[in-house]
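Take the model below one region at a time.

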Amino acid sequence: MEKINILWVDDEIDLLKSHILFLEDRNYAVVKCPSGQDAIEALQKQAFDIVFLDENMPGLSGLETLMELKQINASLPIVMITKNEEESLMEEAIGSKIADYLIKPVNPNQILLSLKKNLDHSRLVSERTTATYQQEFRKIAMDLSMVNSFEGWVDLYKKLIYWELELEHIEDSGMFEILESQKSEANHQFGKFIEKTYPQWFNGSDAPVMSHTLFRKKVAPVLKNGPTLMVVIDNLRYDQWMVLEEVLQPYYKKSEEAAYYSILPTATQYARNAIFSGLMPLDMEKRHPKLWKNDTDEGGKNLYEAEFLEAQLKRLGLNLKWEYHKISSLKQGKNLLQHFKSHRDTELTVVVYNFVDMLSHAKTEMEVIKELASNDKAYRSLTLSWFRNSPLLELIQQAHGMGTQLIITTDHGTINVKQPSKVIGDRETSLNLRYKTGKSLTYERKDVLECKRPADFHLPSINVSSSYIFARNDLFFAYPNNYNYYASYYRNTYQHGGISLEEQIVPFAVLQPR
């Protein structure tokens, strides 16, 4: 194994002979320097893996030497060693981006631990994560064969996401491939579970919180606690929420986090309208025929969310001052941000934010986004980058300053589709890639969940013989005409409307200002 090169800077370096011998016995190479100036000259001549730097030296001080060394190599890990325990010194050193801070007298094992932490950290974490996942793999496989409840599927999906986020930081691609195969198998089994149980959720009390019951069961009880900002980020998957949550920690702490189930189809015009109306699509069509739009109707399908929300608030007897905003551009986001503080007496502010939805569509249509979001890890990273620099985060920071509680949720998730499935329909067939509705549909039976009686799923019928099909797993629908072109065009894009853990099990979080 190649030796690790250590630069040790101390004006009493000869007193550290036993420490240096201890390290050299363990295959570390140590270069000794009695002053800061000698250390600068040594670093200009030779590359080092890490520096141990005494804080209190004549001539150049430790902090002055630190600044000089960082100018030569900004990424070089530097461990400060000092007798001084003053908090201000610690803060100054930490602010200068030291790698570690040790208080004299130090023993050889402290030095060794610091080396391991700074130089072997990635390897040690990777090895430990891999070993732990290998143990957990068997338990997940066993759970997969036994899970048979909507609560059980939520727990299993969260476990898979946890390991996906853990394994993305290690270098063993083999482990990640194993996890991907487990996710694929989980979606296969989840599809069977939905086929067996979904229609029953509308017939009794044993059902999860779903799109049409979310506001009544989850949002309404929170509103009595004070002014509320409710943010609905379109297309936000659970794994994306978990990385965004870290950004909010300085401002908000969670008082509740839950997963709920998006209705089928897991598409905006169905699921988000269901959230705001508190109704399933069939009931929306019956109660609000002027507001509901079917797939084949002209015009936007989500133009009346505020009207749906107003009707639901009245139905629930919630007489409060509320506002609704839909943000689909940077300009709209900045405009809302500019005027947000002037609405301090608003009891409920609902903001629908469409960026993640636009990102998934852009990945389909733009080659540059396909490169930037080539897989789930990159998709999460791109979402996080947007959020850190968005007017939405600034809006949440303003809400924090006003003492406003925060709800973050979504209407449905998305899945990275991999395989095409042929479908044939007439001109009235809907265009979505993960579900189809129309008459005389021809398709691969094994690839879909059929709904030949839309009323069973509380969905409207475009005509008497209409049916719905929902894609399973990571499939997407393609017509026989130009089949190879469209199969290639849509493969590895993010779509929604069908049945998968990613699309159906989505986040709901209530947060209180810190």
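Two strands pair if DSSP finds at least two bridges between them. Keep that rule in mind for this predicted model.

Start at strand β6, residues 228–233. Two strands pair with β6. On one count, 6 bridges join β6 to strand β9, residues 348–353, and the two run parallel. Here V232 has V352 in β9 as its bridge partner. Strand β10, residues 405–409, is joined to β6 by 5 bridges, and this pair also runs parallel. V231 stands opposite I408 in β10.

Now look at the side chains of β6. In a regular strand the side chains alternate between the two faces of the sheet. T228, M230 and V232 point one way from β6, while L229, V231 and I233 point the other way. Which of these are covered? Both sets are buried. In total, 6 of the 6 residues of β6 are buried.

Next comes the interior. In soluble globular proteins, nonpolar side chains tend to be buried together. The largest nonpolar core here has 102 residues. W153, I194, Y198, Y261 and F470 have the most contacts inside that core. Helix α7, residues 150–167, gives the most to this core, with 10 residues. Apart from it lies another core, of 19 residues, including A42, L53, L63 and L69.

Beyond its neighbours within four places in sequence, K253 is in contact with V510, L511, Q512, P513 and R514. E367 is 114 residues from K253 in sequence, and their C-alpha atoms are 38 Å apart in space.

Finish at the second largest pocket. Its volume is about 330 Å³. The lining has 17 residues, and E180, K183, D376, N416 and K418 lie nearest the centre. Elements giving two or more residues to this lining are α8 (173–197), α17 (376–388) and β11 (415–417). Which element gives the most to the lining? That is α8, with 5 residues.

Key: Residues numbered from 1 in each chain as written. Predicted model: local features only at pLDDT ≥ 70, side-chain atom pairs only at ≥ 80, totals over all residues. Heavy atoms only, no water. Core = buried A, V, L, I, M, F, W, Y, C linked by side-chain atoms within 4.5 Å. Buried < 20%, exposed > 50% of the residue type's maximum accessible area, 1.4 Å probe, protein only. Helix = DSSP H or I, 4+ residues; strand = E, 2+ residues; numbered from the N terminus. 1 Å grid on protein atoms, 1.4 Å probe; cavity = no way out; pocket = protein on both sides within 12 Å on 5 of 7 lines; lining within 4 Å. Points joined across faces, edges and corners; volume = space filled by probe spheres on them. Contact = heavy atoms within 4.5 Å.
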